[in-house]
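Colleague: I've got this model open and I'd like to learn how to read it feature by feature. Could you walk me through it?

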Amino acid sequence: MNHAQYNMAIHWHGLKQFRNGWADGPEYTTQGLSQTGNSYTYNMMVTGQRGTLWWHAHILWLRATVYGAVVIMPKEGTPFPFPQPHREANMVLGEWGNDDVETIVKQGNKLGLPPQMSDAQTSLGKPGPLLPCFEKRTC
């Protein structure tokens, strides 16, 4: 369900979409937009793939606001091509923690300038420099 105030599509990075490339997400290219208050179901055939990929909204600058990870685990019983890690965590980084991205872009366009630099880096949706936390494993 699209609960955002904007119509959008979702674009999948690195996902090989055999026989369903129409669901790749570029707005008005391979599909229309999911309108606010409506839903769109992506039916995908994911075979012979594994790893951590990412997705994001695909319309204007909304790609900086709606995004996440796609984790494709290997078939049960199939070993990883590397030693099994002690633990796993998905880390998603973003920008513009304090202002609405669309407002920032509109202000820049009005002045004929690129959007202002981001005022915060976010990690897992929380503002601030959380990377040292992950590097030192003190979270």
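Predicted model: local features only at pLDDT ≥ 70, side-chain atom pairs only at ≥ 80, totals over all residues.

Colleague: What does the pLDDT average for the protein chain?

Modeller: pLDDT is the predictor's confidence in each residue, from 0 to 100. The protein chain averages 75, and 81% of the residues score at least 70. Residues 130-139 stay under 50, and for them the model has eleven contacts beyond four places in sequence; contact means heavy atoms within 4.5 Å.

Colleague: And which elements does the protein chain run through, from the N terminus on?

Modeller: Helices (H or I, at least four residues) and strands (E, at least two) are DSSP runs, numbered from the N terminus. Here the order is β-β-β-β-α-β-β-α, that is, two helices and six strands.

Colleague: Back to that pair, then. In what order do the three strands of the open sheet come?

Modeller: Strands of a sheet pair through backbone hydrogen bonds, either parallel or antiparallel. By the rule used here, two strands pair if DSSP finds at least two bridges between them. In this open sheet the order is E1-E2-E3, with antiparallel pairing. Strands E1 (10-13) and E3 (67-72) are at the edges with a single partner strand each, so one side of each has no neighbour in the sheet. From one strand to the next, the twist averages 25 degrees; for such angles, axes are lines fitted to C-alpha atoms, for helices over the stretch in contact, and angles run from 0 to 180 degrees between N-to-C directions.

Colleague: How many bridges join E2 to E3?

Modeller: Six, with the strands antiparallel; threonine 52 sits opposite valine 71 in E3. On the other pairing, E1 and E2 (residues 51-57) share four bridges, and histidine 11 stands opposite histidine 56 in E2.

Colleague: Now the loops. Is histidine 58 buried or exposed?

Modeller: Buried means under 20% relative accessible area, exposed over 50%, partly exposed in between (1.4 Å probe, protein chains only). Histidine 58, in the loop between E2 and E3, is at 13%, so it counts as buried. Leaving out residues up to four places away in sequence, histidine 58 touches Ala9, His11, Gly25, Pro26, Glu27 and Arg63. Serine 34, from the loop between E1 and E2, is buried too, at 14%. Among the contacts of serine 34 beyond four places in sequence are Asn2, Tyr6 and Tyr40.

Colleague: Last one: why do the buried residues of H1 line one face of the helix?

Modeller: An α-helix has 3.6 residues a turn, so residues three or four places apart point the same way. In H1 (residues 101-111) the buried ones are Val101, Glu102, Ile104, Val105 and Gly108. Seen down the axis, they fall within an arc of 160 degrees (taken from the directions from the helix axis to the C-beta atoms), so they line one face. The face turned away carries the exposed Lys106, Lys110 and Leu111. After H1 comes glycine 112, with a positive phi near 75 degrees.

Definitions and conventions: Residues numbered from 1 in each chain as written. Heavy atoms only, no water.
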